Amino acid sequence: MLGTAVATPLVDAFGRTARDLRVSLTDRCNLRCTYCMPAEGLPWLPTDEALTDAEVVRLVRIAVELLGITKVRFTGGEPLLRKGLEGIVAATAAMTIVDGGRPETMLTTNGLGLAHRARALRDAGLDRVNISLDSLDRERYARLARRDRLPDVLEAIDAAAAVGLTPVKVNSVIMRDTNEADIVPLAEYCLSRGHQLRYIEQMPLGPKHEWDRTQLVTQQEILDALAERYVLSPVAEPRGAAPAGLWEVAPDAEQPGGRIGVIASVTAPFCGACDRTRITADGQMRTCLFSRTETDLRGPMRAGASDEEIAALWQGAQYQKKAGHGIGEPGFQPPQRTMSAIGG
Ligand code: SAM
Ligand code: SF4
């Protein structure tokens, strides 16, 4: 525990309280998904600008033990490229949240290399994983991710389920004229294995000038495609701060039924209930994926700031969180950094 300080929640001017911290562990990646990165990659962060493992753990500890964070998700870039991941997870899982429990510790990953690390990560204290899978067709996957790695991802999903990193959530970005044909097969794959599928509307966070609203496959289009095969009904339970709207799929002769989600960030934004705060791999705090400003926590930390001083900086910045991301509003401008550099 951090001394005897009392946790003060991360609130903003619109009355939202952040409980969910997203930590980017690297801006690098071993895939080049077309909606996220250019084929040639990006100028990566110099090593001395990236937080060390100890610095990451310190910021997470401040968030959990001083600022009331209860859920920590590691992401990137590709977080499995971080050698110290197991140690960072173990340190996080051993922290104590404000009510005395331990933080829920999660990972969002493309799955490459997860098969042989899943058990160690679970043993370190990881609770769950989200694994990205945009196509079950090997050739289409290779075109989308610009790498022929579908078998590794499927192996990762099986391994995660086998060691109990469950429920495994599968994230799928759907794009027009690219992988719409995967909408039903992805559902079939997840429903039959008990995984939780989340379709994601493509957001303007990829390579510059490559997003066009008219090319967006919307939540409604995804639901229409699913309705041709399944009987769907909206889940009635309150959604809270969850980004995905959920639908119940009725069982039938071919599949056992289950729940499917859509993260409709563009056509049905959920900013009003957002409970997230973010740290980039270089120690910049962001209130939103779409923020155009960041608050430097690495500089003060390296200059000797105390935990309480860093917590105060974080609180001040979170208070400024905007009401919404503003996609579709006049004058909307995407952030300077792309998704892989922010941490999705
Ligand atoms: N590399 C890991 C992965 O792919 O899961 C973690 C980082 S990735 C940026 C996190 C999630 O963001 C993935 O599910 C990915 O599909 C999604 N994503 C990336 N770019 C996106 C975009 N422009 N719009 C919507 N989702 C996007
Ligand atoms: Fe890498 Fe994830 Fe971006 Fe794909 S979505 S390029 S796996 S960071």
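Colleague: What covers the buried residues of H6?

Modeller: This is a predicted model, so keep that in mind. The cover over the buried residues of H6 includes helix H5, and helix H7 at residues 219-227. It also includes strands S7 (169-174), S8 (196-201), S10 (245-249) and S11 (258-263).

Colleague: And which residues in H6 are buried?

Modeller: H6 runs over residues 183-193. Its buried residues are Ile183, Leu186, Ala187, Tyr189, Cys190 and Leu191.

Colleague: What happens just after H6?

Modeller: Gly194 comes there, with a positive phi of about 80 degrees.

Colleague: Is Asp177 buried or exposed?

Modeller: Exposed. Asp177 has a relative accessible area of 69%, and the cut-off for exposed is over 50%.

Colleague: OK, on to H4. Which of its residues are buried?

Modeller: H4 covers residues 138-145, and its buried residues are Arg140, Tyr141, Leu144 and Ala145. Looking down the axis of H4, those buried residues fall within an arc of 115 degrees, so they line one face of the helix.

Colleague: Why would residues three or four places apart point the same way?

Modeller: An α-helix has 3.6 residues a turn, so residues three or four places apart point the same way.

Colleague: What do the buried residues of H4 pack against?

Modeller: Helix H5, residues 150-163.

Colleague: And which residue with a positive phi comes just after H4?

Modeller: Arg146, at about 55 degrees. That is a positive value in a residue other than glycine. Arg146 sits in the loop between H4 and H5. At 28% relative accessibility, Arg146 is partly exposed.

Colleague: What's the peptide bond from Thr166 to Pro167 like, cis or trans?

Modeller: Cis, with omega near -5 degrees. Pro167 is in the loop between H5 and S7.

Colleague: Switching topic. At what angle do the axes of H1 and H9 cross?

Modeller: Roughly 75 degrees. H1 is residues 53-66, H9 is residues 307-319, and their axes come within 10 Å. Angles from 65 to 115 degrees count as roughly perpendicular, and H1 and H9 are therefore roughly perpendicular to each other.

Colleague: Which residues make the contact?

Modeller: From H1, they are Arg58, Leu59, Ile62, Ala63 and Leu66. From H9, they are Asp307, Glu308, Ile310, Ala311 and Trp314.

Colleague: How many of those are nonpolar, polar and charged?

Modeller: Seven are nonpolar and three are charged. No polar residues take part in the contact of H1 with H9.

Colleague: Where does Arg61 lie?

Modeller: In helix H1. Arg61 is partly exposed, at 26% relative accessibility.

Colleague: How far apart in space are Thr34 and Gly206?

Modeller: 7.8 Å, C-alpha to C-alpha. In sequence Thr34 and Gly206 are 172 residues apart. Thr34 lies in the loop between strand S3 (20-24) and H1. At 23% relative accessibility, Thr34 is partly exposed.

Colleague: Now Thr277. Where is its place?

Modeller: In strand S12, residues 276-279. Thr277 is buried, and its relative accessible area is 0%.

Colleague: Which side chain does Thr277 have a polar contact with?

Modeller: The side chain of Gln318, at 2.7 Å.

Colleague: What else does Thr277 touch?

Modeller: Leaving out residues up to four places away in sequence, Thr277 touches several others, including Leu10, Ala18, Asp20, Leu21 and Arg22. Ile69, Met285, Arg286 and Trp314 are also among them.

Colleague: Last one. Where is Ser291 found?

Modeller: In the loop between strand S13 (284-286) and strand S14 (295-296).

Colleague: Does Ser291 count as buried or exposed?

Modeller: Buried, at 9% relative accessibility. The cut-off for buried is under 20%.

Colleague: And what is Ser291 in contact with?

Modeller: Arg286 and Pro335, leaving aside neighbours within four places in sequence. A polar atom of the Ser291 side chain also lies 3.0 Å from the backbone nitrogen of Cys288.

Technical notes
Residues are numbered from 1 along each chain as its sequence is written. Chains are lettered from A and ligands numbered from 1 in the order in which they are written. This is a predicted model: local features need pLDDT of at least 70, side-chain atom pairs count only at pLDDT 80 or more; totals for chains, interfaces and linings use all residues. Side-chain values use heavy atoms; hydrogens and water are left out. Buried means under 20% relative accessible area, exposed over 50%, partly exposed in between (1.4 Å probe, protein chains only). Helices (H or I, at least four residues) and strands (E, at least two) are DSSP runs, numbered from the N terminus. The arc is that of the directions from the helix axis to the C-beta atoms. Contact means heavy atoms within 4.5 Å. Axes are lines fitted to C-alpha atoms, for helices over the stretch in contact, and angles run from 0 to 180 degrees between N-to-C directions. Angles under 35 degrees count as roughly parallel, over 145 as roughly antiparallel, 65 to 115 as roughly perpendicular and the rest as oblique. Ala, Val, Leu, Ile, Met, Phe, Trp, Tyr, Cys and Pro count as nonpolar, Asp, Glu, Lys and Arg as charged, and the others, Gly among them, as polar. A polar contact is a pair of N or O atoms within 3.5 Å; within protein, one must be able to donate a hydrogen and the other to accept it, and residues adjacent in sequence count only if both atoms are side-chain atoms.
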